[in-house]
Amino acid sequence: MKPEDYSERTVDVDGWQVRLICYQLDGQYRCTADNVSPGANLARVTAETKEAAESQALAIATEKLGRTKRHAV
Amino acid sequence: MANYIREEVLVSTDWVAQHAKDAEVRVVEVDVDTAAYEEGHVPGALGWSWRSQLCNTLVRDILSKEQFEKLMNESGIGNGTTVVIYGDSNNWFAAWAFWQMKIYGHADVRLMNGGRKKWISEGRDLETAKTEAHPTTGYHASDPDLSIRAFLPHVQEAQKAGSTVMIDVRSPQEFSGEILAPPGLPETCQRGGHIPGAHSVPWGKACNDDGTFKTYDELLALYGAEGIHAGQPVIAYCRIGERSSHTWFVLKYLLGVEDVKNYDGSWTEWGNLVGAPVEKGASSAAKA
């Protein structure tokens, strides 16, 4: 099987950068979300469409990022 | 050509596509999230879990020599096998595996430049069935080479002496103390900040957008600006030692720094240690 329709984009979630990487494999879309800096994975989902996969991955990433506290330096 | 000092430790995705199933080659995907491997991997690649197969699960440590030999034998890897490692997160955990294989003296281990992301972005073949290894016996690991691993006492001495360049490869916000773990991950330390005097060089600065390593000249300029040269002792650290094993690989093999150690205790050790000095905000090294 070959991955197809590869895409990569970065969105802003409450001041955090999130990278969405999406591709189609065997008829389904796979999407991961990472936090760009440093690049740790936040979500990995599979869905029927690219839009659904991105939306689900973004929802998981948003929920996790919402728990991140910024501390005074 | 990128003109790295040790170019033989890096292979391209093209090379892997041509040689992945060669008899003397074993390709291994290393992830922290093994769902990535199950989703699809380089045809013929084995999958190692960083969490359960490349760490001692009872003591915070790398594998013992005996555990490492067992993993090699179960993976069908002999002392003469060419092992090519790749993984997600731009090869962070692959670099950890590389570092550990070098600790136990494996001669021919290489990273696939660009890792899993590059392979997929190029639309190359993926296989979902788990690759079954053909176990062997008789793998002989060397005694651990601790010249490439830093333990806490050595880091404390080096920090006080100031003769070693300490490289913190976490994100700028982790370095400053604004956040206590990468965004979205659980906080894993009691104090934020960095080891006093450490230089901030996030690991990703060594990579291009496609995940491949920057050229020798670009890397030399990046790390040279922090006072690093081939003869300068260096200790790299991050949060748990995987991002810093990536930087360790860059410094040791691509730039040829002779004395570079990965401090795998990293911030989850230093940032939880009673009495350890912590610096917040910008580095005193940068202010100096």
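Predicted model: local features only at pLDDT ≥ 70, side-chain atom pairs only at ≥ 80, totals over all residues.
Me: What makes Glu8(A) and Lys117(B) a salt bridge?
Reply: The side chains meet at 3.1 Å, N to O. The cut-off is 4 Å between a Lys or Arg nitrogen and a carboxyl oxygen of Asp or Glu, so the pair qualifies. Side chains of opposite charge can pair when their charged atoms come close.

Me: How many salt bridges are counted between chain A and chain B?
Reply: Six. The whole structure, over all chains, has 23.

Me: What else describes the contact between chain A and chain B?
Reply: Chain A gives 25 residues and chain B gives 34 residues. The two chains bury about 2,600 Å² between them. Of that area, 55% is on carbon and sulfur atoms. Eleven residue pairs are in polar contact across the interface. On chain A, β1 (4–13), β2 (16–25), β4 (41–47) and α1 (50–65) each supply at least two residues to the side that touches chain B. The largest share, four residues, comes from β2(A). By type, that side of chain A divides into twelve nonpolar, six polar and seven charged residues.

Me: How do you know that Asp33(B) and Arg44(A) form a salt bridge?
Reply: Their closest N and O atoms are 2.9 Å apart. The limit is 4 Å, so the label holds. This pair crosses between chains. Asp33(B) sits in the loop between β2 and α2 (35–39) of chain B, and Arg44(A) sits in strand β4 of chain A.

Me: Which residues are linked with Arg44(A) in a network of salt bridges?
Reply: Glu29(B), Asp33(B), Glu39(B), Asp88(B) and Arg116(B).

Me: Why is Asp33(B) called partly exposed?
Reply: Its relative accessible area is 23%. Buried needs under 20% and exposed needs over 50%, so Asp33(B) falls in between.

Me: What does the salt bridge of Arg9(A) and Glu54(A) tie together?
Reply: The side chains meet at 2.7 Å, N to O. Arg9(A) lies in strand β1 and Glu54(A) in helix α1 of chain A, so the pair ties together parts that are 45 residues apart in sequence.

Me: Are Arg9(A) and Glu54(A) buried or partly exposed?
Reply: One of each. Arg9(A) has 39% relative accessibility, which puts it in the partly exposed class. Glu54(A) has 10%, under the 20% limit, so Glu54(A) is buried.

Me: How do you know that Asp259(B) and Lys261(B) form a salt bridge?
Reply: The closest N and O atoms are 2.9 Å apart. That is within 4 Å, so the pair counts. Asp259(B) is partly exposed at 30% relative accessibility. Lys261(B) is buried at 13%.

Me: Why is strand β4 of chain B called largely enclosed?
Reply: Six of its six residues, 82–87, are buried, so the rest of the structure largely encloses the strand. Both faces are covered. Thr82(B), Val84(B) and Tyr86(B) are buried on one side, and Val83(B), Ile85(B) and Gly87(B) on the other.

Me: What makes β2(B) and β5(B) partners of β4(B)?
Reply: The test for pairing is at least two bridges. Six bridges join β2(B) (residues 25–31) to β4(B), in parallel. Three join β4(B) to β5(B) (residues 109–112), also in parallel. Both counts meet the test, so both strands are partners. Glu29(B) stands opposite Tyr86(B). Val83(B) stands opposite Val109(B) in β5(B).

Me: What makes Asp5(A), Asn90(B) and Pro38(A) stand out?
Reply: Most residues other than glycine have a negative phi, and most peptide bonds are trans. Asp5(A), in strand β1 of chain A, has a positive phi of about 55°. Asn90(B), in helix α5 of chain B, has a positive phi near 55°. The peptide bond from Ser37(A) to Pro38(A) is cis, with omega near 20°. Pro38(A) lies in the loop between β3 (28–34) and β4 of chain A.

Me: Are Asp5(A) and Asn90(B) buried or partly exposed?
Reply: Asp5(A) is partly exposed, at 42% relative accessibility. Asn90(B) has 15%, under the 20% limit, so Asn90(B) is buried.

Conventions. Residues numbered from 1 in each chain as written. Chains lettered and ligands numbered in written order. Heavy atoms only, no water. Contact = heavy atoms within 4.5 Å. Buried area = accessible area lost by both parts, 1.4 Å probe. Polar contact = N/O pair within 3.5 Å; in protein donor to acceptor, adjacent residues only side chain to side chain. Nonpolar A, V, L, I, M, F, W, Y, C, P; charged D, E, K, R; others polar. Buried < 20%, exposed > 50% of the residue type's maximum accessible area, 1.4 Å probe, protein only.
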